[in-house]
Amino acid sequence: MTDVLDLVDVSVVRDGKKLLAGIDWRIADGERWVVLGPNGAGKTTLLQIVAAQMHPTAGTASVLGDTLGKVDVFELRTRIGLTSAAVDARLPGREKVRDVVLSAAYGKVARWRETYEAADTGRADDLLAWWGMEGFADRQYGTLSSGERKRALVARALMTDPELLLLDEPASGLDLGGREDLVRRLANHAADPASPVTVLVTHHVEEIPPGFTHALLLRQGAVVASGPTELTLTSENLSACYGIPLQVQTYEGRYYARGL
Ligand SMILES: Nc1ncnc2c1ncn2[C@@H]1O[C@H](COP(=O)(O)OP(=O)(O)OP(=O)(O)O)[C@@H](O)[C@H]1O
């Protein structure tokens, strides 16, 4: 079976600076990955490669069986769902929440003159309900709380029924209740065999939902460790990743870390 992702010796250089260096990373069908690393480690840059938004400077990147540089990326991007602060920033605050989700089906950030099928509207409403946004469809996107926005963004990313879902720091800025609610929903998402392969970027091990099968730790643009979550998220690896002594503990599928 073709890998969902296959990065071989991928590097990215910008303004003479190496943002990523020699990254090897394979993702197989059914896997759920978390990417961790300190500020500036290169997580967002890595996700941009995986999202087919950026080409590597060197190395090869195959996403959903297509090699970047040899494929129409606009076509490829329709098969990938992405949530990030950059996507959020492009969405007009006056847009109705339902249209924020629906417009993704047309690769747009706002509704224009398209006529949407009843099936599309139904799917948008179902996704909003699944992500705890029932009753919000007619609200303006700009009036949502941070937590509500994050959940609406995930619903939008799933609108095209993507084969690969990329979540860049979906819990950033959420309060404890909002974070726990999102972690619970993401755990349900991870447990559903119908869910697409998912990559979650985060700063905090506490935000890793149970059921995320693999982890990749990044530091200064290079991989510190990667593999099955329980083997990768060790105190030793996390200390090397963040450059400080850390102790990792687990409890019922959740991870916790503290400085020593
Ligand atoms: N176009 C660019 N030119 C030069 N440096 C860049 C460019 N884009 C990003 N960088 C730098 O590359 C490094 C990695 O950035 P990136 O956003 O990928 O890290 P990150 O791990 O997502 O960080 P954070 O956790 O703070 O969001 C940072 O030091 C950033 O300043």
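**Ligand shell.** I sorted the shell around the ligand by class and noted 2 nonpolar, 7 polar and 4 charged residues, where Ala, Val, Leu, Ile, Met, Phe, Trp, Tyr, Cys and Pro count as nonpolar, Asp, Glu, Lys and Arg as charged, and the others, Gly among them, as polar. I kept in mind that this is a predicted model, in which local features need pLDDT of at least 70 and side-chain atom pairs count only at pLDDT 80 or more, while totals for chains, interfaces and linings use all residues. Residues are numbered from 1 along each chain as its sequence is written.

I found that 13 residues surround the ligand, the closest being R14, N39, K43, T44 and T45; a residue is near a molecule if its C-beta atom, placed from the backbone, lies within 6 Å of it. I then saw that β2 (17-27) and α1 (43-50) each supply at least two residues of this shell, and that α1 gives the largest share, 3 residues. Helices (H or I, at least four residues) and strands (E, at least two) are DSSP runs, numbered from the N terminus.

**Backbone angles.** Most residues other than glycine have a negative phi. I noted that D15, which is not a glycine, has a positive phi of about 50°, and that D15 sits in the loop between β1 (5-14) and β2. D15 is exposed, with 5 other C-beta atoms within 10 Å (exposed means 12 or fewer, buried 20 or more, partly exposed in between).

I also looked up L64, whose phi is positive as well, near 50°, in the loop between β4 (58-63) and β5 (66-67). L64 counts as partly exposed, with 18 C-beta neighbours inside 10 Å.
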